[in-house]
Amino acid sequence: MHAGPNYAAFDGIRVLVVEDHDGVRDFLCQTLAAMRLSVRSAPDGETALELAAQETPDLLVVDLGLPRLDG
């Protein structure tokens, strides 16, 4: 019986997901959280900059085609 992947090495890694499509953003957040990453998300570039100023992420997952302020 296979126990599945061990994501313990990802504990404490902060990820900021920036995606304007709600469904895609939700999927990415759920997938990354299931891997034990600490996930925050933003629907646009301006919000992402505000969140990043509050707490610097270790990793960014950014949509390159955001409106107004893209990746």
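## About the model

Because the model is predicted, local features need pLDDT of at least 70 and side-chain atom pairs count only at pLDDT 80 or more, while totals for chains, interfaces and linings use all residues. Residues are numbered from 1 along each chain as its sequence is written, and side-chain values use heavy atoms, with hydrogens and water left out.

## The sheet

Let us begin with the strands. Helices (H or I, at least four residues) and strands (E, at least two) are DSSP runs, numbered from the N terminus. Three strands form an open sheet in the order β2-β1-β3, with parallel pairing; two strands pair if DSSP finds at least two bridges between them. β2 and β3 (59–62) stand at the edges with a single partner strand each, so one side of each has no neighbour in the sheet. From one strand to the next, the twist averages 20°.

Five bridges join β1 and β2 in the parallel sense. Valine 15 stands opposite valine 39 in β2, and valine 18 has alanine 42 of β2 as its bridge partner. Four of the five residues of β1 are buried, so this strand is largely enclosed by the rest of the structure. Here buried means under 20% relative accessible area, exposed over 50%, and partly exposed in between (1.4 Å probe, protein chains only).

## The helices

α1 has 13 residues and spans 18 Å from its first C-alpha to its last, close to the 18 Å expected at 1.5 Å a residue; the expected span is 1.5 Å times one less than the number of residues. α1 lies across β1, β2 and β3, running at about 170° to β2. α2 also packs on the sheet, touching β1 and β2, and its direction makes about 145° with that of β2. Contact means heavy atoms within 4.5 Å; axes are lines fitted to C-alpha atoms, for helices over the stretch in contact, and angles run from 0 to 180 degrees between N-to-C directions.

Which residues of α1 are buried? They are Arg25, Cys29 and Leu32. Seen down the axis of α1, these buried residues fall within an arc of 75°, so they line one face of the helix; the arc is that of the directions from the helix axis to the C-beta atoms. An α-helix has 3.6 residues a turn, so residues three or four places apart point the same way. The buried residues of α1 pack against β1, β2 and β3, whereas the face turned away from the buried side carries the exposed residues Gly23, Phe27, Gln30 and Ala34.

## The nonpolar cores

A nonpolar core is a set of buried Ala, Val, Leu, Ile, Met, Phe, Trp, Tyr and Cys residues joined through side-chain atoms within 4.5 Å. The largest one has six residues: Leu16, Val18, Ala42, Ala48, Leu51 and Leu66. β1 (14–18) and α2 (45–54) are the elements that give two or more residues to this core. Apart from it lies another core, of five residues, including Val17, Cys29, Leu32 and Leu37.

Leaving aside residues up to four places away in sequence, alanine 42 touches Leu16, Val17, Val18, Glu19, Arg25, Thr47, Ala48 and Leu51.

## Two residues worth a look

Arginine 36 is in the loop between α1 (22–34) and β2 (38–42). Although it is not a glycine, arginine 36 has a positive phi of about 75°. It is partly exposed, with a relative accessible area of 41%.

Valine 62 is in strand β3 and counts as partly exposed, at 36% relative accessibility. The C-alpha atoms of valine 62 and glycine 4 are separated by 28 Å, and these residues are 58 residues apart along the chain.
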